[in-house]
Amino acid sequence: MAFNPDFSSTLSLLFAAAVLAQWLLRAWLASRQVRHVARHRAEVPAAFAQRISLAAHQKAADYTLAKARIALIEMTLGAVVLLAWTLLGGLDALNQWLLELMGTGLWQQLALLAGFALISGLVELPLSLYQTFVLEQRFGFNQMTLRLWLTDAIKSTAMGTAIGLPLAALILWLMGSAGDLWWLWAWAVWTAFNLLLMWIFPTFIAPLFNKFEPLAEGTLKERVSALMQRCGFTAKGLFVMDGSRRSAHANAYFTGFGHSKRVVFFDTLLKQLDADEVEAVLAHELGHFKHRHILKRMLLMFAASLAGFALLGWLSQQLWFYLGLGVRPGLDLALGHGGIGAGNEAVALLLFLLAVPVFSFFVTPLFSALSRRDEFEADAYAMQQASGAHLASALLKLYEDNASTLTPDPWYVGFYYSHPPALARLARMPSPT
């Protein structure tokens, strides 16, 4: 089919409209959250009045308001940068400069990916530093030193380079050399990579950033082991992570795949909760395992990525896709035997990664609702295997210690929250002990 320039103009208008609509919706939701939290700041909700102090409630409100204001700056910057990369020609300029400097080929395309990542990281750096060393510091959560932050940044960059560049090179090679069904082979590589990463992460990657020590012998380990046994869950080990090196926030999680599964407790969690409460929190996490939530999310992710690769396979051959998003593909290559995508694989990949989140953002409420449903199911399972009152007590402590607001805006919750708000969760549980 002959190229129709109207297609590229339509895409440009549609993309710009979607970026604006996303920003307006996010700003509206953020303003609702700010107003709702501020309106209820002066008084602890009646359901929590006996357990949460006014000072803790107001700290959570102030923390939420501060994060919302930063989020507004972040979303505005993100929209501007997105338009700069696409419709305003930033990605095209970077690509053309690298073509003049290096010529065509795989190395130029890898340089384009690396340059894009570097520039994006530098743009996001000031806000990231502010969030860590000003916002989190102000509310007493940041435990990270500048030296540790730099060490983490160096390690992350080195690991991203060592793992990401070979993977990117393989996918770019498949895009250019594996024929019309390259996207199917690329999806298989991507899926295998993610499964491999899940398997090696606990043993080889996570220890580069944190220390993991076996959970000490004693009552807690006995109770946790007994709980896992009656729930039919086996793990390679129970570990305590030094999360307090970076943050005062508390958490617990499962990690790994197959026989490499681990249960990890933040040291901050063990300091904040007693043994009954830790057992209840772990029972909740085991509820996700019992209901196969993690497996279902993995399958959903793999299905979505398959659809994404198939869509990219088609879009990469459409000239209007490039022109509509502000990039001039190499027309000498586009008109050759390799098709429009030939020689532009990295450009197509970056444009796709920039454009798709703009449109997929509008289905966020659906996935948030599914996640909240899973959390309710995990809570119900936890109350069957441990004490519901202790689970409620643990949640209240975590809400307080993490400065999570007890009065979020309902629309904001419906759109974003992956976990039900405190009032909705505790309404289904016995009164805390």
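Student: In what sense do strand 2 and strand 4 pair, and over how many bridges?

Tutor: Keep in mind that this is a predicted model. Strand 2 (residues 237–241) runs parallel to strand 4, with 5 bridges between them. One of the partners to look for is Phe 265 in strand 4, which is bridged to Val 240.

Student: What makes strand 3 and strand 4 count as paired?

Tutor: The cut-off is at least two bridges. Strand 3 (residues 252–255) and strand 4 have 4 bridges, in the antiparallel sense, so they count as paired. Here Phe 254 has Val 263 of strand 4 as its bridge partner.

Student: Which residues of strand 4 are buried on each side?

Tutor: Arg 262, Val 264 and Phe 266 are buried on one side, Val 263 and Phe 265 on the other. In a regular strand, side chains alternate between the two faces of the sheet. For strand 4 (residues 262–266), that is 5 of 5 residues buried.

Student: Now the loop between helix 15 (388–401) and helix 16 (410–416), where Asp 409 sits. Why is Asp 409 called buried?

Tutor: Buried means under 20% relative accessible area. Asp 409 has 2%, so it is buried.

Student: How do you know that the side chain of Asp 409 makes a polar contact with Tyr 412?

Tutor: The limit is 3.5 Å between N or O atoms, one able to donate a hydrogen and the other to accept it. A polar atom of the Asp 409 side chain is 3.0 Å from the backbone nitrogen of Tyr 412, so the pair counts. Further off in sequence, Asp 409 touches Arg 32, Gln 33 and His 36.

Technical notes. Residues numbered from 1 in each chain as written. Predicted model: local features only at pLDDT ≥ 70, side-chain atom pairs only at ≥ 80, totals over all residues. Heavy atoms only, no water. Helix = DSSP H or I, 4+ residues; strand = E, 2+ residues; numbered from the N terminus. Buried < 20%, exposed > 50% of the residue type's maximum accessible area, 1.4 Å probe, protein only. Contact = heavy atoms within 4.5 Å. Lists of a residue's contacts leave out its neighbours within four places in sequence.
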